[in-house]
Amino acid sequence: MTRALRKARHGAVLTFVLAGLMCGTFTVRLPALADRLHLPESSVGLTLLSWGIGALLTMQLMRVILARIGSRGVLRAAAPLCAASLVLVAFAPSLPVLALAAALFGMAFGAVDVGMNAQGSAVERAYGRPIMSGMHAGWCVGAISAGLLGTAAIALGLSLTAHILVVALVSVPAALALSRMHLPDPAPEADEAGRASARARRRLPGVVYLLGAVTFAAFMVEGVVADWNGLYLIGTLHASEAVAALGYPVFEAGMLLARLAGDRLRGRYGARGLIMFSGGATALAFLAVIAAPVTVAAVAGLFFIGLSVATISPMALSLAGTAMREPGPAIAQASAMGYAGLLLGPVVIGFLSTAASLRVAMGVAVVLGVVIVIAARLLPTSRTEIIPLPVRPVDEEARLRTAA
């Protein structure tokens with residue numbers, strides 16, 4: 001394995017960490033923003049919706065943009081913009097400005113999300129073996145770090161604006177430095193770029209949409225846990241706020257452990273079998289949480305939900321990246337479908353909890369686990385392999401420029 005390829009892998013993992021840190025900081029400090037601007041829950045929901053719509057819009061555009069400039073070019077521009085738009089969120093003086101800033105942050109983050117997954121797919125195919133799950137573990141590290149830094153900032157009395165500004169100021173140079181570690185994408189001539197763009201606009205292979213459905217279900221499960229676990233623990237099981245606050249970190253810890261082991265498990269059992277098992281385990285774990293009579297059992301169940309669902313979306317995005325020669329457009333489509341699930345989840349749970357109860361509404365996640373199993377059964381039955389993709393290493397690109 002060449003030094004440049006190892007460097008590219010480290011760069012991809014750290015990009016996931018950085019993305020998790022920026023997005024996690026936005027999520028962690030949103031309650032403080034709402035308190036500063038005296039926003040009701042409905043306005044917080046509008047802010048999150050603005051962020052999600054911005055991300056979805058950009059992800060759809062990425063099908064064409066990635067075909068033209070590749071993941072390295074996207075990340076070089078989008079990651080610093082993501083950090084800059086986070087500053088706009090910090091200084092928002094009113095709800096309309098906050099909603100606009102959140103939309104801009106979502107647009108930049110959507111480009112980063114697709115770009116880093118496409119870069120991860122390129123590195124994975126250059127390696128010739130599964131490594132995508134380990135990259136997504138980097139996201140968990142970034143998200144957990146955002147929570148810990150937010151807690152530290154509050155404990156130290158650091159203002160909301162100062163906290164976000166520090167994260168953004170660190171993220172910009174970090175993003176620029178990481179862009180030098182990414183694998184270069186082929187630089188097609190003008191006519192080749194036009195043909196690549198035309199291919200991206202054409203209908204993608206059907207398996208991409210099937211994998212998008214898997215990603216949709218997995219992201220929706222993750223969204224249900226992120227948005228509703230606290231309210232479920234407090235409102236249904238009558239947990240204290242301190243105990244309920246443990247729910248999401250425990251879930252993320254399960255996610256992190258599973259993703260660290262996910263690539264080895266995939267190499268042993270294959271992606272199709274592992275997705276089926278994970279979907280079934282997710283359904284059972286969520287069923288256990290819903291049926292839990294006490295808080296301790298429910299919090300433990302959240303850990304097992306994290307273990308079960310963690311590897312599904314990384315494997316689905318990895319497989320989407322091998323569905324065609326250019327991984328970017330396929331990953332953009334699967335990611336967009338996934339984020340649609342992330343946005344739809346809170347709406348569905350909120351509607352059902354009003355019509356019935358939150359315990360009944362959480363049963364949607366059990367159904368989603370079953371959907372993942374069914375969708376995985378429709379994937380090719382052969383043991384999934386990584387299709388090697390020859391990539392010009394970074395040092396070779398530099399040598400060619402020098403020679404020219």
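## Overall composition

Buried residues make up 54% of the 404 residues in the protein chain, where buried means under 20% relative accessible area, exposed over 50% and partly exposed in between (1.4 Å probe, protein chains only). The model is predicted: local features need pLDDT of at least 70, side-chain atom pairs count only at pLDDT 80 or more, and totals for chains, interfaces and linings use all residues. Residues are numbered from 1 along each chain as its sequence is written, and side-chain values use heavy atoms, with hydrogens and water left out.

The protein chain has 16 helices and zero strands. Both are DSSP runs numbered from the N terminus, helices being H or I with at least four residues and strands E with at least two. Of the contacts (heavy atoms within 4.5 Å) with a separation of 6 or more, 86% come from residues 24 or more positions apart.

## Nonpolar cores

A nonpolar core is a set of buried Ala, Val, Leu, Ile, Met, Phe, Trp, Tyr and Cys residues joined through side-chain atoms within 4.5 Å. The largest one has 61 residues, and those with the most contacts inside it are Phe 26, Trp 51, Phe 109, Val 112 and Trp 139. At least two residues of this core are supplied by each of helix H1 (3-37), helix H2 (41-90), H3, helix H4 (132-155), helix H5 (160-179) and H13. The core also draws at least three residues from each of domain 1 (1-185) and domain 2 (205-381); these bounds come from an automatic or database domain assignment.

With neighbours within four places in sequence left aside, Trp 139 is in contact with Phe 16, Val 17, Ala 19, Gly 20, Cys 23, Phe 109, Met 116 and Arg 259. Another core, of 60 residues, lies apart from the largest one and has Cys 140, Leu 211, Val 221 and Ile 312 among its members.

## Salt bridges

A salt bridge is counted when a side-chain nitrogen of Lys or Arg is within 4 Å of a carboxyl oxygen of Asp or Glu. By this rule there are two salt bridges. One joins the side chains of Arg 266 and Glu 124 (3.6 Å, N to O). This pair links distant parts of the chain, with Arg 266 in helix H9 (residues 247-269) and Glu 124 in helix H3 (residues 95-127), 142 residues apart. Arg 266 counts as buried at 4% relative accessibility, and Glu 124 counts as buried at 0%.

The side chains of Glu 222 and Arg 259 also meet in a salt bridge (3.8 Å, N to O). Glu 222 lies in helix H7 (residues 206-235) and Arg 259 in helix H9, so the pair ties together parts that are 37 residues apart in sequence. Glu 222 is buried, with a relative accessible area of 14%; Arg 259 is buried, with 2%.

## Helix H13

The expected span of a helix is 1.5 Å times one less than its number of residues. For the 29 residues of helix H13 (residues 327-355) this should be 42 Å, which agrees with its end C-alpha atoms being 42 Å apart.

H13 has a kink of about 30° at Leu 344, shortly before the proline Pro 346. The bend at a residue is the angle between axes fitted to the seven residues ending there and the seven starting there.

## Positive phi in loops

Most residues other than glycine have a negative phi. His 38 has a positive phi, near 55°. His 38 is in the loop between H1 and H2 and counts as exposed at 71% relative accessibility.

His 238 likewise has a positive phi, of about 60°, although it is not a glycine. The loop between H7 and helix H8 (241-244) holds His 238, which is exposed, with a relative accessible area of 66%.
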